[in-house]
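For each question, we will set the value beside the rule and see what follows.

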Amino acid sequence: MLSYAIRRLAVAVVLAFGVATVCFALVWFAPGDERSDLLLSGRGAVVDTGPEPGLVEAYGDWVGSLLRGDLGTSERSGNVARWLLARLPHTLALSVSGLVLAVVFGVGVGVLQAARAGTVLDRLLTLGTVVAYSAPAFWVGILLGGAFIHKPMELGMEPLFPLTGVAPPGGATSLLDYIPYLVLPALTLGIVLGAGIARYTRAAMLEALAQDYVRSARARGLSEMRVLFRHGLRTALLPLISLLGVYLPVLLTGAVFVETVFSRTGIGLAMMEAILGQDLQVLMGGALMFGFAAVVGNLIADLLYGWADPRIGDAVRG
Amino acid sequence: MAHLRPIRALGTGALIVVAACGGDAPDRPELPPLAVSSDVPFCQSVAQAVNAYHAEQSAAHPRPADPRYGGTVVVAGGGDFRGGLNALTTGDQTDQETELHLLHVTLTRFAADRTPEPYLAESWTLEDDGSGITFRLRDDVMWHDGQPVTAEDVVFTYRRAMDPATGFLNVGWFQFYDADAVEALDDHTVRFAFTPHAEVMDPFSNMAIMPQHLLGDVPPAEMGGHPFGTDCPVGAGPYVFEAYRPGDQWVLRANPAFPEDLGGRPFLDRYVYRVIPSSSTRAGELAAGGVDVALGLEPVDAEAVAARDGVRLAAFDSRSFSFIGWNPRLPGLSDVRVRRALTMALDREALLETLRGEYGTRVETGVPDFHWAYDPDLQGPPHDPEGARAMLDEAGWTDRDGDGVRENQAGDELRFDLVTNSNTERETIARIMADELGDVGVAFDLQVVDNQTLGARLGNPTNRDFGSFILGFAPDFNINERDFFHSSSDATGYGWSALNDPELDRLLDTLPRIRDRDQARPLWAEYQQRIVELQPYTYLFFSQRLNGLNADLAGVEMDLRGELINVPAWYWNPETN
Amino acid sequence: MRSPLLEIRNLGVEVPVPGGGAAAAVDGVDLSVAHGERVGLVGESGAGKSLTTLALPNLLPPGVRIRPGSSVRLDGRELVGAPTRDLRAVRGKRVALVFQDPTHALNPALTVGSQIREVLLVHRGLRGGEARAETLRLLSEVGLPDPARTAADPPHRLSGGMRQRACIALALAGEPDLLVADEPTTALDVTVQARILDLLVHLSEARGLALLLVSHDLAVVSRTCHRVAVMYAGRVVEKGPVKAVLERPLHPYTRALLAARPRLTGPRTLPAPIAGSIPAPSAWPTGCRFHPRCPDALDRCRREAPPWVGLSPHRATCWLHWEPGGGAS
């Protein structure tokens, strides 16, 4: 297991390096004169004139500053690393809670559908998940806003949750203050991502339930709950772990839209602003962060998978 | 039955619940002591001094028993104040108003009739020949760190603003000022010297005074990115800076030490400005109670607000007009016939109706109909697509290769970049333009960027490669378009449309020097006529500003002067709360 | 005499037919198994053997159902139509199943031990150390050399034979009265096959466990079972004591099966394959269902279903042995 972990880690490092290099190349080979300023600003100051360094030298400088955690300086946003890191907690909170909700929704609905395959309930849920799966995150967000804020108000009640922002006006006094602001965005993300997970879970469960060992488990007189969850779901969910690794970038891009809808000052919104503001430094920093997040997510998924499924551990050991 | 409102549990929400339950006088909790903090070295000592002075003054001036005092107001606008609240470096409408009316003070301020009234200056004397003015300053206005505001601060502010190295955008105000125009006669007396000119009082209500004791050592060129603006802006106005969360919110605190004569301590303990880029989200948050004031709504959202209980719409004339700017440096657009044809091809009446409905007025120049210099007889180019086609033919632009886009003899297409910021209204204008001007054979490549980038792109004198742009602009009451249209402005920040027209130059040179309005009016009519002939812009409309307000928020005045002019007098209505 | 442990009467199993409708893949099977008795059920694939075994505790796949009028009694208690809860108390606890493919019968994501302990908990309420000890005992009972290690292993680390032994241990965990083994050795090496069969016989004798052994191979049945029933196209065509059936097969199908069997001993003759295969349930022939493949078919075989002939307990359904006025008893 340890050598497996080390090997995966090595692959992740190479991948991260690749991601960074692709980011560099995109900017270096992009047309326009932005690039030299942008890549050289990694040194801490925007270079105005002087001889342009060659590709190799610029790349070396850039990787060097990257290793020091320096993402350069943007005229618009200042120190890019600082600018993005200040937003990271909000995006992380949203992504993690959205992911948890997505898994709970998705797996719950998927298992229910598989257990009731072919019934009207199954078909209704299939319709629902297809709609939610193809729905843009902002649309789901607006619907939720209507359901939890505007509808209750029309009925004379107070809104159930705050609509936008990350903390109460004037600032949070404790971590708990952030939670109400997380509810609608996380629900939005959870529903959109959960729909995909539900569709996957339903299919995987149906496949798992058709396996011999599920029939064997039934033949042993185990209760349907045990059969569904211990024997069916457990094996059906193993691939979900790696699916979640793949989902991580989807989760983050989902966060871009959700943060925009709910005016949450996270990395996603910062990148959205950076696009409109032609703030290449921030855009590149954000892309790097998302790329690294994807690599780390896949690494975690790989390790979890190896830990959860004994076959993988053995396969790589053998 | 009252539910706790989670959104405002920290601020006004709690008191609303109490009041709604019992009908007692509102019991608004005192806020914790001001705690400005920063990890920037410059700001650490500043923050300490501000916190200490605020604590001392809060103790010395406890909140009056008047039930109008206390509470928080949350104001939502579309953009962040990226440059911070340093009046020497910023130019956006809402942050300018925040500087002028909340954080900082000005020498004078506009009364309701738009005449100047005393503010930091308790009196002034304009010299008879119009070549100078002397202000007598109050001695009871303090910086938020406890230092007195003196004549030195005024001198510092105006000198920095006039210094080209600072890059102050409205440097045009000082066109007639002498090189060493401003001097302190004593601690509380300042004299400005200038060549006699029109509307001399105008800058004094528009230039916020900045603290010389904090910024005196900052080189003018470094003013822009200085942390003072974002991490620890110190003013002398009725509100004190508390916190800034980039991209999210600015938090200001009532200044307990603000002089009684100038309104004293503001009613509201806390003023929060939140950044919510989308108009419909601002309106939604207003309806949901998450914000109390939603600034700059689009008409469709404004109508939704107007139809709702518990909120109200404040619609008022603003000084802001929308236009399509043409870059006369480019071939094609250098020809006045082409510019005129572009205006004629566009159905501006229908555009106004589509975009603003009743909340706007057509214009033909930057002189609005509420301005004294406005010429009511002015006629702009008519909507006449046929005429436009003929005019383009005559200018030598015809569709030679049959692809629907006109070319000149050299085969260059009549095709331009069209730059605008991300904003539903402007993007709609762009689409309609592409459609209607496409009909007469003119093509556009649309580029949508954000506010700041648009400003930077247009304002860069060294690289004016754009063909056209859609922009809004809010002129001062003292209209002076020299920065835009005078040939000498060609290489300056606002000189995106410099026309190099001797006739217009003459008017721009003359008008600001005429101190008598009656004498100036005929020339103003001539000026407006000349603008219509030259069509530097295709003028679209003056917009009404549409702000949504919580119906319980009382004392709010919003008009041509601005929307934050009397924030210190806003209060939560004790009757309904 | 005690009533039989398992008594199947007129069992029919209907499978959906492509294009709608249903066909009886098992069509009127009668079969009984006494306490401690070992019975073989033999036939080619498609004969309906597996469906018969799955029908016992009703583990039929979705869409497949037991025909009304069928009866399956366990110690006299009717299982057809019994509530699922009662069936669950039977499954694993009274009747345990061992399937053909041990690789897929075990959950790949759980260790062998945890799967056994699960049964111990559900059927015998054993947990903790007790359950662990019983697990090891069961694993050693089925002849696994290193029970502690095997218990901790996931299934994929075991060889095929070991897996089947683990499956048998799992089946024994509920202390059943009847073990139904559906082709338990088909997926295994020839050498391993014999050992598994010996284990089954040994367990049956040591525990007084009844065994219903399903196989396509008469040789397998002959070395393990007391009685045998031969199925063809959803019906039992011949049944009787193993020795009698093997030595004097009555039905041409049984004879063909015997001829098709590869001989390991004696003179090497080429197996005589049975031409053709069992048709689908929806296309079963009229009369004797074997007649299209029967070398001796009479005209009558095509028209009328054959009666039971022969002397009890060795009987078959075949017109060839029918003597009007006699034979049937």
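Q: What makes two residues count as a polar contact across an interface?
A: A polar contact is a pair of N or O atoms within 3.5 Å, where one must be able to donate a hydrogen and the other to accept it. This model is predicted, and across the interface of chain A and chain C that rule finds 10 residue pairs, both at pLDDT 80 or more.

Q: Which elements of chain A supply residues to the side that touches chain C?
A: Helices α8 (212–219), α9 and α12 (310–317) of chain A each supply at least two residues. Helix α9(A) gives the most, with seven residues.

Q: What classes of residue make up that side of chain A?
A: There are five nonpolar, five polar and 11 charged residues on the side of chain A that touches chain C.

Q: Why is the pair A:R226 and C:E118 called a salt bridge?
A: The N to O distance between their side chains is 2.9 Å. The cut-off is 4 Å between a side-chain nitrogen of Lys or Arg and a carboxyl oxygen of Asp or Glu, so the pair qualifies. The count between chain A and chain C is two salt bridges.

Q: What makes A:R82 and B:D39 a salt bridge as well?
A: Here the N to O distance is 3.5 Å, and the rule asks for within 4 Å, so this pair of side chains passes too. Across the interface of chain B and chain A, the rule finds one salt bridge.

Q: How many residues meet where chain B touches chain A, and how much area is buried?
A: The contact takes 34 residues from chain B and 32 residues from chain A. Together the two chains bury about 2700 Å², 53% of it on carbon and sulfur atoms.

Q: How do you know that helix α4 of chain C has close to its expected span?
A: Helix α4(C) covers residues 112–124, which is 13 residues. From its first C-alpha to its last it reaches 18 Å, close to the 18 Å expected at 1.5 Å a residue.

How values were computed:
Residues numbered from 1 in each chain as written. Chains lettered and ligands numbered in written order. Predicted model: local features only at pLDDT ≥ 70, side-chain atom pairs only at ≥ 80, totals over all residues. Heavy atoms only, no water. Helix = DSSP H or I, 4+ residues; strand = E, 2+ residues; numbered from the N terminus. Expected span 1.5 Å × (residues − 1). Polar contact = N/O pair within 3.5 Å; in protein donor to acceptor, adjacent residues only side chain to side chain. Nonpolar A, V, L, I, M, F, W, Y, C, P; charged D, E, K, R; others polar. Contact = heavy atoms within 4.5 Å. Buried area = accessible area lost by both parts, 1.4 Å probe.
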